[in-house]
Amino acid sequence: MNKKYDVFISHASEDKNDLVRELSNELRKRGYRVWYDEFTLTVGDGLRKSIDYGISNSRYGIVILSKSFFGKGWPNYELDGLVQLNLESFGKILPIWHNLNQNDVSDYSPSLSNILAISTEGLDISTIANNLERKIGEFEYSVNQNGEILCSLDKKNVGLERLKAGFQIIKSIQTDELINPTLSNSRYEKIIYPYSKNYNSHEFQYWQNEPGELRLIRHIIYDLDNEEILDSKNSILKNDGCHLISKSEFIRKSEGPIKIVCDVVATNCFIGIFEDGYDYVEFDTKSRIDYFNHIFILPKSPEFQKITAYANDELLIPEENFGTIIYNHVVQPVIPKSKLRYSLINKKIRK
């Protein structure tokens with residue numbers, strides 16, 4: 001579920017001027033959505049209620065523990081409520097010890113002192129933010145000119161659009177191979193980095209204009225780091241000859257990227273090329289793709305010799321390899337909401 005804020009900050013009002021305001025501004029400067037004004041705690045406030053409410057509206061909760069925080073008169077069971085919330089939403093609550101040591105925290109709540117925390121002692125605001133970012137940020141992947149996948153050294157803010165999507169599309173390769181004027185094979189290979197540990201299913205959809213043979217060969221999920229097939233349960237949700245929906249449920253074995261591979265056989269994917277002399281594939285991307293590659297493979301035979309391919313208005317130059325004609329087009333990166341239109345024109349029919 002998408003949250004309205006990346007973090008909320010719960011704190012005593014006495015700590016606003018010397019820590020909280022500056023920390024909030026630093027996190028905002030780095031692009032994070034921060035909510036803290038509604039969570040300034042005063043005498044009589046319910047700690048559990050305040051933090052619970054903040055957690056429901058934010059991805060993470062930062063709690064500034066200080067002598068002022070402990071001096072508000074809350075009973076120990078409310079402080080232990082913070083520990084319980086951390087157990088219920090493990091890793092979502094991030095304590096910061098401000099001018100405290102472990103003995104100070106232990107005196108108020110022994111169980112609270114056992115939660116891994118950041119101490120402000122000897123650290124400037126930038127360093128504290130760096131430490132928080134290792135938790136609230138995400139790794140960012142990129143693809144170099146050689147097609148190799150690179151991972152950022154540190155976690156960072158990846159932007160609201162990617163968080164809403166739930167994953168980063170690192171690399172997407174689509175290959176359409178025309179076997180004859182009616183039969184084609186399509187292969188989709190996508191490498192993504194999920195932002196949630198609970199990402200454990202993928203739905204694949206494929207369409208063709210007229211009813212015909214439409215067959216899924218495979219829908220497989222790989223752990224990219226290990227190049228290992230993940231245990232999965234595949235099911236066909238729909239296949240009426242025009243629209244195919246396949247769903248794969250799996251168990252992730254690492255927190256790294258996953259690779260999704262789908263192969264489909266279709267009977268009329270590009271039949272229009274030989275009937276009308278023209279066909280196209282269009283993509284309207286809603287999110288950024290760091291590396292997109294579309295490949296058309298045609299047999300090197302007379303009936304395919306007159307076909308030319310375009311990416312939007314750009315003429316694609318074919319290559320010949322082992323008796324095939326290959327059109328290969330790379331876009332790096334694909335900007336969100338941009339359109340890619342691949343046209344195949346049979347000049348033997350269309351003058």
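Buried means under 20% relative accessible area, exposed means over 50%, and partly exposed is in between, with a 1.4 Å probe and protein chains only. By that rule, helix α2 (residues 47-57) has Leu47, Ser50, Ile51, Gly54 and Ile55 as its buried residues. This is a predicted model: local features need pLDDT of at least 70, side-chain atom pairs count only at pLDDT 80 or more, and totals for chains, interfaces and linings use all residues. Residues are numbered from 1 along each chain as its sequence is written, and side-chain values use heavy atoms, with hydrogens and water left out. Helices (H or I, at least four residues) and strands (E, at least two) are DSSP runs, numbered from the N terminus.

**Helix α2: the buried face**

- Seen down the axis of α2, the buried residues fall within an arc of 130°, so they line one face of the helix.
- The arc is that of the directions from the helix axis to the C-beta atoms.
- An α-helix has 3.6 residues a turn, so residues three or four places apart point the same way.

**Helix pair α1 and α6**

- Two packed helices are described by the angle between their axes and the distance between the axes.
- Helix α1 (residues 16-29) and helix α6 (residues 125-136) have axes that come within 10 Å and cross at roughly 55°.
- That angle makes α1 oblique to α6; under 35 degrees counts as roughly parallel, over 145 as roughly antiparallel, 65 to 115 as roughly perpendicular and the rest as oblique.
- Axes are lines fitted to C-alpha atoms, for helices over the stretch in contact, and angles run from 0 to 180 degrees between N-to-C directions.
- The α1 and α6 crossing is right-handed, meaning that the near helix is turned clockwise from the far one by less than a right angle.
- On the α1 side, the contact (heavy atoms within 4.5 Å) is made by Leu19, Glu22, Leu23, Glu26 and Leu27.
- On the α6 side, Ile125, Ile128, Ala129, Leu132 and Ile136 take part.
- By class, this contact has 8 nonpolar, no polar and 2 charged residues.
- Ala, Val, Leu, Ile, Met, Phe, Trp, Tyr, Cys and Pro count as nonpolar, Asp, Glu, Lys and Arg as charged, and the others, Gly among them, as polar.

**Glu26 in α1**

- Glu26 lies in helix α1 and is buried, with a relative accessible area of 13%.
- Leaving aside neighbours within four places in sequence, Glu26 is in contact with Ile125 and Ala129.

**Backbone geometry**

- Most residues other than glycine have a negative phi, and most peptide bonds are trans.
- Gln332 and Pro333 are joined by a cis peptide bond, with omega about -10°.
- Pro333 sits in the loop between β22 (324-331) and β23 (339-346).
- Glu227 is not a glycine, yet has a positive phi of about 50°.
- Glu227 lies in the loop between β12 (214-223) and β13 (228-229), and is partly exposed at 47% relative accessibility.
- Phe322 also has a positive phi, near 50°.
- The loop between β21 (319-321) and β22 holds Phe322, which is exposed at 80% relative accessible area.

- Leu183 lies in the loop between β9 (167-178) and β10 (184-194), partly exposed at 25% relative accessibility.
- Not counting residues up to four places away in sequence, Leu183 touches Glu177, Leu178, Val265, Ala266 and Thr267.
- Glu161 is in helix α7 (residues 160-165) and is exposed, at 56% relative accessible area.
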